[in-house]
Amino acid sequence: MPSTTSTTPTTLTATYTSPSTTRTFTHALPPSSAKTTAEKTEYLSTLRASVVELQDGINAFLTEKMEEDKALAASAGVKVDEKKEEEYYGEEKVEDDDG
(Lines give C-alpha, C1' and ligand atoms only; values in the text may rest on other atoms or scores of the structure.)
Protein backbone atom coordinates (compact mmCIF):
# COMPACT_ATOMS: atom_id res chain seq x y z
CA MET A 1 0.00 0.00 0.00
CA PRO A 2 1.44 3.47 -0.89
CA SER A 3 2.40 5.83 1.90
CA THR A 4 0.09 8.79 2.55
CA THR A 5 2.61 10.78 4.56
CA SER A 6 4.40 13.81 3.20
CA THR A 7 7.23 15.96 4.43
CA THR A 8 6.64 18.63 1.77
CA PRO A 9 4.99 21.83 3.04
CA THR A 10 1.37 22.00 1.96
CA THR A 11 -0.79 25.04 1.38
CA LEU A 12 -4.54 25.22 1.71
CA THR A 13 -5.74 27.55 -1.06
CA ALA A 14 -9.07 29.05 -2.13
CA THR A 15 -9.56 31.51 -4.98
CA TYR A 16 -12.43 33.98 -5.28
CA THR A 17 -13.07 35.28 -8.79
CA SER A 18 -15.64 37.82 -9.90
CA PRO A 19 -15.93 40.05 -12.97
CA SER A 20 -14.16 42.85 -11.08
CA THR A 21 -11.61 41.07 -8.89
CA THR A 22 -9.72 37.90 -8.12
CA ARG A 23 -8.36 37.11 -4.69
CA THR A 24 -6.47 34.08 -3.49
CA PHE A 25 -6.56 33.03 0.14
CA THR A 26 -3.84 30.72 1.44
CA HIS A 27 -2.97 29.07 4.71
CA ALA A 28 0.20 27.04 5.26
CA LEU A 29 -0.20 23.56 6.66
CA PRO A 30 2.45 21.58 8.48
CA PRO A 31 3.72 18.55 6.59
CA SER A 32 2.01 15.32 7.51
CA SER A 33 4.40 12.80 8.96
CA ALA A 34 1.73 11.25 11.14
CA LYS A 35 2.06 7.53 11.64
CA THR A 36 0.06 6.75 14.76
CA THR A 37 -3.65 7.24 15.16
CA ALA A 38 -3.03 10.00 17.71
CA GLU A 39 -0.70 11.83 15.31
CA LYS A 40 -3.21 11.50 12.47
CA THR A 41 -5.97 12.79 14.73
CA GLU A 42 -3.82 15.78 15.70
CA TYR A 43 -3.03 16.51 12.04
CA LEU A 44 -6.70 16.34 11.07
CA SER A 45 -7.54 18.66 13.95
CA THR A 46 -4.94 21.14 12.68
CA LEU A 47 -6.31 20.80 9.15
CA ARG A 48 -9.86 21.48 10.33
CA ALA A 49 -8.73 24.56 12.27
CA SER A 50 -6.88 25.80 9.18
CA VAL A 51 -10.01 25.40 7.05
CA VAL A 52 -11.99 27.44 9.58
CA GLU A 53 -9.32 30.18 9.59
CA LEU A 54 -9.33 30.27 5.79
CA GLN A 55 -13.12 30.43 5.78
CA ASP A 56 -13.05 33.32 8.28
CA GLY A 57 -10.74 35.26 5.95
CA ILE A 58 -12.99 34.60 2.96
CA ASN A 59 -16.10 35.63 4.91
CA ALA A 60 -14.43 38.87 6.03
CA PHE A 61 -13.44 39.63 2.44
CA LEU A 62 -16.94 38.93 1.11
CA THR A 63 -18.53 41.05 3.83
CA GLU A 64 -16.21 43.89 2.85
CA LYS A 65 -17.14 43.46 -0.84
CA MET A 66 -20.85 43.48 0.04
CA GLU A 67 -20.44 46.70 2.04
CA GLU A 68 -18.51 48.32 -0.84
CA ASP A 69 -21.25 47.32 -3.29
CA LYS A 70 -23.94 48.68 -0.95
CA ALA A 71 -22.08 51.99 -0.63
CA LEU A 72 -21.70 52.25 -4.41
CA ALA A 73 -25.37 51.45 -4.93
CA ALA A 74 -26.45 53.95 -2.27
CA SER A 75 -24.31 56.69 -3.82
CA ALA A 76 -25.99 55.96 -7.16
CA GLY A 77 -29.44 56.04 -5.54
CA VAL A 78 -30.08 52.33 -6.10
CA LYS A 79 -31.80 50.18 -3.46
CA VAL A 80 -29.89 46.99 -2.61
CA ASP A 81 -31.87 43.76 -2.98
CA GLU A 82 -30.75 41.60 -0.05
CA LYS A 83 -31.96 38.34 -1.69
CA LYS A 84 -29.99 38.99 -4.87
CA GLU A 85 -26.96 39.94 -2.82
CA GLU A 86 -27.13 36.62 -0.94
CA GLU A 87 -27.42 34.75 -4.26
CA TYR A 88 -24.42 36.61 -5.68
CA TYR A 89 -22.11 36.34 -2.66
CA GLY A 90 -23.58 33.24 -1.07
CA GLU A 91 -25.47 33.02 2.15
CA GLU A 92 -23.33 32.68 5.25
CA LYS A 93 -23.39 29.16 6.63
CA VAL A 94 -23.01 28.96 10.38
CA GLU A 95 -20.86 26.01 11.33
CA ASP A 96 -22.10 23.57 13.94
CA ASP A 97 -19.18 22.49 16.13
CA ASP A 98 -21.30 19.85 17.86
CA GLY A 99 -21.41 17.44 14.94
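**Exercise 1. How many bridges join strand β1 to strand β2, and do these strands run parallel or antiparallel?**

The model is predicted, so local features need pLDDT of at least 70 and side-chain atom pairs count only at pLDDT 80 or more, while totals for chains, interfaces and linings use all residues. Residues are numbered from 1 along each chain as its sequence is written, and side-chain values use heavy atoms, with hydrogens and water left out.

Step 1. Helices (H or I, at least four residues) and strands (E, at least two) are DSSP runs, numbered from the N terminus. Strand β1 covers residues 10–17 and strand β2 covers residues 22–29.

Step 2. Two strands pair if DSSP finds at least two bridges between them. Here, eight bridges join β1 to β2, and the strands run antiparallel.

Step 3. A hairpin of four residues connects β1 to β2. Within the pairing, T11 stands opposite A28 in β2.

**Exercise 2. Identify the aromatic pairs and state where their rings lie.**

Step 1. Rings of Phe, Tyr and Trp (its six-membered ring) pair if their centres lie within 6.5 Å; planes under 30 degrees apart count as stacked, over 60 as edge-to-face and the rest as tilted. The count by this rule is two aromatic pairs.

Step 2. Y16 and F61 pair edge-to-face, at 5.3 Å centre to centre with 70° between the planes. Because Y16 belongs to strand β1 and F61 to helix α1, this pair ties together parts that are 45 residues apart in sequence.

Step 3. Buried means under 20% relative accessible area, exposed over 50%, and partly exposed in between (1.4 Å probe, protein chains only). Y16 is buried at 16%, and F61 is buried at 8%.

Step 4. F25 and F61 also form an edge-to-face pair, with 5.5 Å centre to centre and 65° between the planes. F25 lies in strand β2 and F61 in helix α1, 36 residues apart. F25 is buried, with a relative accessibility of 7%.

**Exercise 3. Which side chains meet in a salt bridge, and how are they placed?**

Step 1. A salt bridge requires a side-chain nitrogen of Lys or Arg within 4 Å of a carboxyl oxygen of Asp or Glu. The count is one salt bridge, between K70 and E67, at 3.8 Å from N to O.

Step 2. K70 and E67 are three residues apart in helix α1 (residues 37–75), so about one helical turn separates them.

Step 3. K70 is partly exposed at 24% relative accessible area, and E67 is partly exposed at 45%.
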